[in-house]
Amino acid sequence: MSSRVPDQPTCREIVELITDYLEGRLPLEARTRLEQHLVFCDWCRVYLEQIHQTIRVAGAVTEESLSPEKREELVRLFRDWKGKK
Amino acid sequence: MIAFKWLGRGAIAPFTGVHWPADGGWVSAPAGAPEGSGVHACRLAQLAWWVGEDLWRVELDGRIVERETEVEAERGRLLEPITAWNPAAFAQACVARTIAFASEVPTPEMADYVAMVKVVDAPKASFVSAVAAAAVRGTQKAFAEERALQSQWLARALDLREA
């Protein structure tokens, strides 16, 4: 549910701010506006939870914990992605 | 200081995931935490900005900072749940307000708000009604004023007092 009220953030703006929010880098006023948006916006709450989950999962993966095959697959995916850019 | 706090089921803070002890144990901000990282709650006039699943009366202590839509303290504790909180009744009050706005200015935009507010939960109904107020009055100020009126409605309906 995107807001049409001038000084309320839209969902698109919330998505852009989520990383700073999670890292505690948002100024207090922006953080308050973001949290007030999360109160009523299911979509942004789901997005935030997905980011939380990604951090939990990805944060637990270390280079040493990857098998050589998985490491090679990741490198290949990254090269393919870079090649398409 | 007596204030109020919206929490999720199980007394869990919606943004931080902090589990508030229902036995009245104190929840404290981490030592040396920057401003904004303390215990957040609201005054009666701020209730509608933060509508959630459960509402609690809380006690705040230590340094308290008052802001436009919230209060922040060094520590806080739950005193009692507000069992009279009825999200359906609040949502219905927001529907009635939105219908009144739409009859004042019968435009397709207002009809959209009415259609929307009838099918959403309490937090969304609160927001939609405030957006409708701003659309009718044509000012941003009306959005905050509607939130204030909603907060008054909550305080009255739930017989809440800060003393």
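Figure 1. A residue counts as buried if 20 or more other C-beta atoms lie within 10 Å of its own, as exposed if 12 or fewer do, and as partly exposed in between, with C-beta atoms placed from the backbone. Strands are DSSP runs of E of at least two residues, helices are runs of H or I of at least four residues, and both are numbered from the N terminus. The view comes from a predicted model, in which local features need pLDDT of at least 70, side-chain atom pairs count only at pLDDT 80 or more, and totals for chains, interfaces and linings use all residues. Residues are numbered from 1 along each chain as its sequence is written, and chains are lettered from A and ligands numbered from 1 in the order in which they are written.

β1(B) pairs with strand β4 (residues 54–66) of chain B in the antiparallel sense, over six bridges. Two strands pair if DSSP finds at least two bridges between them. Which residue of β4(B) stands opposite B:F4? The residue is B:R57.

**Figure 2. The largest nonpolar core.** This core holds 50 residues, and B:F4, B:A41, B:C42, B:V128, B:V131 and B:A132 touch the most other members. A nonpolar core is a set of buried Ala, Val, Leu, Ile, Met, Phe, Trp, Tyr and Cys residues joined through C-beta atoms within 7 Å. Helix α3(B) supplies the largest share of the core, eleven residues.

Leaving out residues up to four places away in sequence, B:A41 touches B:A3, B:F4, B:K5, B:V58, B:L60, B:V71 and B:G76. Two residues are in contact if their C-beta atoms, placed from the backbone, lie within 7 Å.

**Figure 3. Where chain B meets chain A.** On the side of chain B, 16 residues are in contact with 13 residues of chain A. Helix α3 (residues 122–137) of chain B gives the most to this side, with six residues. Sorted by class, the side of chain B that touches chain A has nine nonpolar, four polar and three charged residues. Here Ala, Val, Leu, Ile, Met, Phe, Trp, Tyr, Cys and Pro count as nonpolar, Asp, Glu, Lys and Arg as charged, and the others, Gly among them, as polar. The model scores ipTM 0.91 and pTM 0.86.

**Figure 4. Two residues with positive phi.** Most residues other than glycine have a negative phi, and most peptide bonds are trans. B:A11 has a phi near 60 degrees, a positive value in a residue other than glycine. B:A11 lies in the loop between β1 (2–7) and β2 (27–28) of chain B. Why does B:A11 count as partly exposed? Because B:A11 has 17 C-beta neighbours inside 10 Å.

B:D159 also has a positive phi, near 55 degrees, and is not glycine. B:D159 is found in the segment after α4 (141–157) of chain B. With 8 C-beta neighbours inside 10 Å, B:D159 counts as exposed.

**Figure 5. B:E66 in strand β4.** B:E66 belongs to strand β4 of chain B. Is B:E66 buried or exposed? B:E66 is exposed, with 12 other C-beta atoms within 10 Å. B:E66 and B:P34 are 32 residues apart in sequence, and their C-alpha atoms are 15 Å apart in space.

**Figure 6. Chain B as a whole.** Chain B has four helices and five strands, in the order β-β-β-β-β-α-α-α-α along the sequence. The radius of gyration of chain B is 17 Å, close to the 15 Å that the globule rule gives for 163 residues, so chain B is as compact as a globular protein of that length. The radius of gyration is taken over C-alpha atoms, and the globule rule is 2.2 Å times the number of residues to the power 0.38. Of the 163 residues of chain B, 38% count as buried. The mean pLDDT of chain B is 96, and 100% of its residues reach 70 or more; pLDDT is the predictor's confidence in each residue, from 0 to 100.

**Figure 7. Chain A as a whole.** Chain A has four helices and zero strands. The radius of gyration of chain A is 17 Å, well over the 12 Å that the globule rule gives for 85 residues, so chain A is more spread out than a compact globule. Taken along the principal axes, the C-alpha atoms of chain A fill a box of roughly 50 × 30 × 25 Å. Of the 85 residues of chain A, 13% count as buried.
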